[in-house]
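Please keep the sequence and the structure in view while reading.

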Amino acid sequence: MKKLLNTLYVTTPDARLSLDGENVVVYQGDSSLGRFPLHNLEGIVSFGYMGASPALMGACVTHNISLCFLTQYGKFLARVVGKEYGNVTLRKTQYCVSANEDRSAEIAKSFLLGKIYNSRWVIERAIRDYPMRLDIARLKAASDFLKNSTNEIMTGSNLAELRGIEGVAASVYFGVFDELILQQKDSFSFDIRNRRPPLDNVNALLSFVYTLLANQTAAALTTVGLDSYVGFLHRDRPGRDSLALDLMEELRSV
């Protein structure tokens with residue numbers, strides 16, 4: 001169990017969550033492990049199957065606190081979010097823009113510019129902080145390539161072209177990703193990005209954190225009245241939070 005910024009992560013498998021006044025109380029059996037004021041929280045992530053009391057779920061809805069349930073191993077189970085804001089006009093506009101590929105491409109450019117810029121920023125920060133430990137020439141070449149990719153994104157004309165540019169940029173970024181791992185290399189080394197299922201420790205961590213980020217982004221979209229399933233870069237697919245995936249693109253590297 002750990003509170004990071006405004007999110008409470010409950011990792012004790014047999015812990016259950018309850019409400020006491022304006023506080024979240026975490027119990028293990030009959031023992032209280034801790035309590036946290038609701039007004040300090042924006043999200044709660046619970047790993048395990050014991051769940052939360054209906055009173056706490058209701059309080060989370062009232063206070064617009066996202067409540068996410070994952071299995072002990074990080075697989076998504078369910079999400080409880082607060083009241084939706086916005087109105088039907090907002091969502092109808094979202095649907096209309098999403099249905100138009102040209103307008104969607106203009107919005108998608110912003111997501112991808114943010115993603116590539118932040119990927120380059122991570123590399124540049126590593127170059128600045130650890131110049132004696134890294135292959136600077138290799139990292140500089142990747143950084144320069146990503147810089148050129150942002151220019152290509154700006155002139156891209158359609159979604160297919162933008163995805164192609166992003167795919168190559170992501171390949172270059174992950175091509176130097178192992179350089180950025182400076183400790184415990186025996187257990188945490190990176191060769192290639194893989195998923196469903198991830199095949200090594202680093203890919204497992206990436207997929208796990210992306211799951212948390214996607215659910216928090218989807219919850220945030222819901223609270224402002226947008227439909228998290230209707231995206232611009234990621235097109236409609238049943239069961240996929242496409243707009244959440246759009247918004248989290250620029251946050252992946254950081």
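What percentage of the contacts in the chain with a separation of 6 or more is accounted for by residues 24 or more positions apart? The share is 52%. The model is predicted, and its chain has 254 residues, of which 43% count as buried. The points below move from the overall layout to particular elements.

**Overall layout**
- The secondary structure of the chain consists of seven helices and eight strands.
- The C-alpha trace spans about 55 × 50 × 30 Å along its principal axes.

**Helix H3**
- Helix H3 covers residues 101–129, a run of 29 residues.
- From its first C-alpha to its last, H3 reaches 41 Å, which is close to the 42 Å expected at 1.5 Å a residue.
- The N-terminal end of H3 is capped by Asn100, with a side-chain oxygen of this residue 3.0 Å from the backbone nitrogen of Asp102.

**Nonpolar cores**
- The largest nonpolar core contains 38 residues, and the members that touch the most others are Ile123, Phe174, Phe177, Phe190 and Leu206.
- Two or more residues of this core come from each of H3, helix H4 (136–155), helix H5 (159–175), helix H6 (201–223) and helix H7 (242–248).
- H3 provides the largest share of this core, namely nine residues.
- Phe177 touches Phe190, Val202 and Leu206, when residues up to four places away in sequence are not counted.
- Another core, of 18 residues, lies apart from the largest one and includes Phe36, Leu38, Ala52 and Ala59.

- The chain has one cavity of 30 Å³ or more.
- The volume of the largest cavity is about 60 Å³.
- Among the residues that line the largest cavity are Thr7, Cys68, Arg79, Leu212 and Gln216.
- Strand S6 (43–47), strand S7 (66–70) and H6 each contribute at least two residues to this lining.
- H6 gives the most to the lining of the largest cavity, with four residues.

**Val80 and its surroundings**
- Val80 belongs to strand S8, which comprises residues 76–80.
- Apart from neighbours within four places in sequence, Val80 is in contact with Met57, Val61, Ile65, Ser66, Leu67 and Phe69.
- Val80 and Val10 are 70 residues apart along the chain, and their C-alpha atoms are separated by 15 Å.

Conventions
Residues numbered from 1 in each chain as written. Predicted model: local features only at pLDDT ≥ 70, side-chain atom pairs only at ≥ 80, totals over all residues. Heavy atoms only, no water. Expected span 1.5 Å × (residues − 1). Polar contact = N/O pair within 3.5 Å; in protein donor to acceptor, adjacent residues only side chain to side chain. Core = buried A, V, L, I, M, F, W, Y, C linked by side-chain atoms within 4.5 Å. Buried < 20%, exposed > 50% of the residue type's maximum accessible area, 1.4 Å probe, protein only. Contact = heavy atoms within 4.5 Å. 1 Å grid on protein atoms, 1.4 Å probe; cavity = no way out; pocket = protein on both sides within 12 Å on 5 of 7 lines; lining within 4 Å. Points joined across faces, edges and corners; volume = space filled by probe spheres on them.
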